[in-house]
Amino acid sequence: MNQQYQDCLEACKKCLEACNHCFDACLSEEDVKMMADCIRSDRECADICALAITAMQTNSPHVREICGLCAEICEACADECAKHDHDHCQQCAEACRNCAEECRKMAV
């Protein structure tokens, strides 16, 4: 597996973990309803990261398209998480932006 795959795989794994942590932490916030969009974004982002990881690990012929979509969804999740001051949201936004950057490299 080439280094570009390795960097993107690592970023996707970190993003997946950050999104799952943020999702769980958002459910524990006082105003869960206010966190609904963040929770939804976390779930979608974690799902696409898992798909991207599998696509890279199996050398899918669709890896470019999947990573391109992953970059878009990660960026949207980063934007949503960045709206909230909670540490878990800010950490998730950072992981999502890093993942989006690595996935864009794969999509070209």
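**Entry 1: conventions**

I worked from a predicted model, in which local features need pLDDT of at least 70, side-chain atom pairs count only at pLDDT 80 or more, and totals for chains, interfaces and linings use all residues. Residues are numbered from 1 along each chain as its sequence is written, and side-chain values use heavy atoms, with hydrogens and water left out.

**Entry 2: the chain as a whole**

I looked up the secondary structure and found 4 helices and 0 strands in the protein chain. Helices (H or I, at least four residues) and strands (E, at least two) are DSSP runs, numbered from the N terminus. The order from the N terminus is α-α-α-α.

I then checked the overall dimensions. Along the principal axes, the C-alpha atoms occupy a box of roughly 45 × 15 × 15 Å. The radius of gyration is 13 Å, which agrees with the value near 13 Å for a compact globule of 108 residues. That radius is taken over C-alpha atoms, and the globule rule is 2.2 Å times the number of residues to the power 0.38.

I noted that buried residues are 45% of the 108 residues. Buried means under 20% relative accessible area, exposed over 50%, and partly exposed in between (1.4 Å probe, protein chains only). Of the contacts with a separation of 6 or more, 68% join residues 24 or more positions apart. Contact means heavy atoms within 4.5 Å.

Two packed helices are described by the angle between their axes and the distance between the axes. Here axes are lines fitted to C-alpha atoms, for helices over the stretch in contact, and angles run from 0 to 180 degrees between N-to-C directions.

For helix 3 (residues 63–81) and helix 4 (residues 87–107) I recorded an angle of about 155° and axes 7 Å apart. The two are therefore roughly antiparallel. The cut-offs are under 35 degrees for roughly parallel, over 145 for roughly antiparallel, 65 to 115 for roughly perpendicular, and oblique for the rest. Their crossing is left-handed; this term applies if the near helix is turned anticlockwise from the far one by less than a right angle, and right-handed if clockwise.

I listed the contact residues: helix 3 contributes residues including V63, C67, C70, C74, C77 and C81, and helix 4 contributes residues including C89, C92, C96, C99 and C103. By class, this contact holds 17 nonpolar, 2 polar and 5 charged residues. Ala, Val, Leu, Ile, Met, Phe, Trp, Tyr, Cys and Pro count as nonpolar, Asp, Glu, Lys and Arg as charged, and the others, Gly among them, as polar.

**Entry 3: helix 2 and its partners**

I turned next to helix 2 (residues 36–57), which packs on helix 3 at about 155° with the axes 9 Å apart. This pair is therefore roughly antiparallel, and the crossing is left-handed. Among the residues that meet are C38, S41, C45, I48 and C49 in helix 2 and I66, C70, I73, C77 and E80 in helix 3. The contact has 17 nonpolar, 1 polar and 4 charged residues.

With helix 4, helix 2 makes an angle of about 35°, and the axes are 12 Å apart. This crossing, too, is left-handed. C38, D42, C45, C49 and M56 of helix 2 meet C89, C92, C96, C99 and M106 of helix 4. I counted by class 9 nonpolar residues, no polar ones and 1 charged.

**Entry 4: residues within helices**

S41 belongs to helix 2 and is buried, at 18% relative accessible area. Beyond its neighbours within four places in sequence, S41 touches C77 and E80.

N20 sits in helix 1 (residues 3–27) and is partly exposed, at 31%. Apart from neighbours within four places, N20 contacts R43 and A46. I also took the C-alpha separation of N20 and A71, which is 17 Å for residues 51 apart along the chain.

**Entry 5: residues in loops**

A82 is in the loop between helix 3 and helix 4, and at 31% relative accessibility counts as partly exposed. Outside four places in sequence, A82 contacts Q90, A93 and R97. The C-alpha atoms of A82 and E94, 12 residues apart in sequence, are 8.5 Å apart.

Most residues other than glycine have a negative phi. I noted that N59, not a glycine, has a positive phi of about 55°. N59 lies in the loop between helix 2 and helix 3 and is exposed, at 54% relative accessibility.
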